[in-house]
Amino acid sequence: SFNSTLLWKHKFKKLSRTLSVNTDLNFSNSSNDGFLYSLNRYYNNGLHDRTDTIDQEQIRDNTAKGISTKISYTEPLAKDFYMELSHTIAWNSNTSDRQTFEKSGNGKYEDIVDTLSNSFVFDRLVNTPGLNFRVNKKKYNYSFGAAAGFSHFKQKNKTLSTNTNYNFVNFFPQAMYQYKFKPNTSLRLNYNGSTQAPSLEQLQPVAVNTDPLNVYIGNPGLKQSFRHSFGAGFNLFNVLKEKGVWTSVNFSMTDKAFVQSSTIDGDGRRTYQTVNSDGQYYLNLYSDYSFKIKKVRLGAGPTANLSRNVDFINGTKNLTTTRNAGLRVNASMNKENKFDFDFGPEFTWNVSKGSINTAANVKYWQLEGWASGRVYLPKKFEIHTDVNTELRQKDKRFTQNNNFTKWNMDITKRFFKGNDLEVKFGVYDILNQNRGFNRSFSSYSFTESYYTTLRRFWLLTLTWNISKNGKPATGF
């Protein structure tokens, strides 16, 4: 893979008049050659009915490349009034070549499976002109503007020798208003809209049978989605009393959102693909009140999330509503060049309900706690440790232990006057409990997933700092 960014900026003699050109280049390629062997036994009323076996070689070759250039010009129209004129042109090309083979009569993987093989290209060319204005006053500031995206998409199904062209025009409005009651007290409101194009994997019309009981098929008829995002925030901080309040509320809703449509047969096998649908939204609340007692800083605040996801099961629309509310507490203390300490638990109550299958509904509590500490020793030694633990209420439908604690510790030694050389030795996941975990809810299932992750290990790190106070060293 390769990524590069080039930036050129020019400041004119007139204050706040600028011209900049920003170009991003990217290229990536991945190739995989693997084998899929799956043995599935089906039972009817407790009796073995039949067995399905899949034995295949699967070859994947994916390439992504693109270039994006943005030209921006800023102009002061008045003392506190500024304009930005911009134009972005972006080109991206994604290629996916999937080939699946079964064994032939000689035992070699030579017979191609047409339904699981496809070569597909997805090209995108987007021109986005934009115009924004900003006003800066002593007590308030605001900005507003919009951009229009003129998109040209081309899908090339090389296997079937067919091409499909799409043209879209999208509107990207944005607005922000901030009022300063005092230098450290302010209220902020904002809105922005954005579009998202479907990915190559969502479009490619070929089945992915990595999990034979859950087969994904691309949908070349997908449309773009458009997301509306609203936000509000209030911040207050008293420097003398060292206390403050931070609160934010964010809401988003998506038109033509990318959702899953599943078809489940009598044996419980699922075939699914991505489709467009309205009705999804997300609401988030965050608040924190912080204050200091002697040398200890304390903080607490509520959190809340509300979301609704849409999916389809055998043609029926399902709405899954997930709510959680929690309380977060934290404490910290530090003394410069001596030590620092941070501790915080967070308790959350979670509820998920679906409109089709109530058997997949769930209610449970969850507790997450973390602590970290650092001690600065003589001779430029430093000891650091951190602990993160996750505890959650078990569900009678799952018997595995879903609680775990991750504990890390390291010691660092710095050398030379400017601490140019840093040597660190650390042991990570000391308790050997680290693992991935996820709970998901949909119209037909409540799922717990566990993922294999890197467990207990030690690491020796050598770092040479080539900067001085954040600036490049002389001659570098």
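Predicted model: local features only at pLDDT ≥ 70, side-chain atom pairs only at ≥ 80, totals over all residues.
Side chains of opposite charge can pair when their charged atoms come close. Counting such pairs here gives 17 salt bridges.

Take D55 and K103 to start with. These two residues form a salt bridge, with 3.4 Å between the closest N and O atoms. The pair ties together distant parts of the chain: D55 sits in strand β3 and K103 in strand β4, 48 residues apart. D55 is partly exposed, at 24% relative accessibility, and K103 is partly exposed too, at 42%.

Another salt bridge brings D123 and K156 together, at 3.6 Å from N to O. Again the partners come from distant parts of the chain, with D123 in strand β6 (residues 118-136), K156 in strand β7 (residues 140-157), and 33 residues from one to the other. D123 counts as buried because its relative accessible area, 14%, falls under the 20% cut-off. K156, at 28%, is partly exposed.

Loops take part as well. R455 and D429 meet in a salt bridge at 4.0 Å, N to O. R455 lies in the loop between β25 and β26, while D429 lies in the loop between β23 and β24; the two are distant in the chain, 26 residues apart.

Note on methods: Residues numbered from 1 in each chain as written. Heavy atoms only, no water. Salt bridge = Lys/Arg side-chain N within 4 Å of Asp/Glu carboxyl O. Helix = DSSP H or I, 4+ residues; strand = E, 2+ residues; numbered from the N terminus. Buried < 20%, exposed > 50% of the residue type's maximum accessible area, 1.4 Å probe, protein only.
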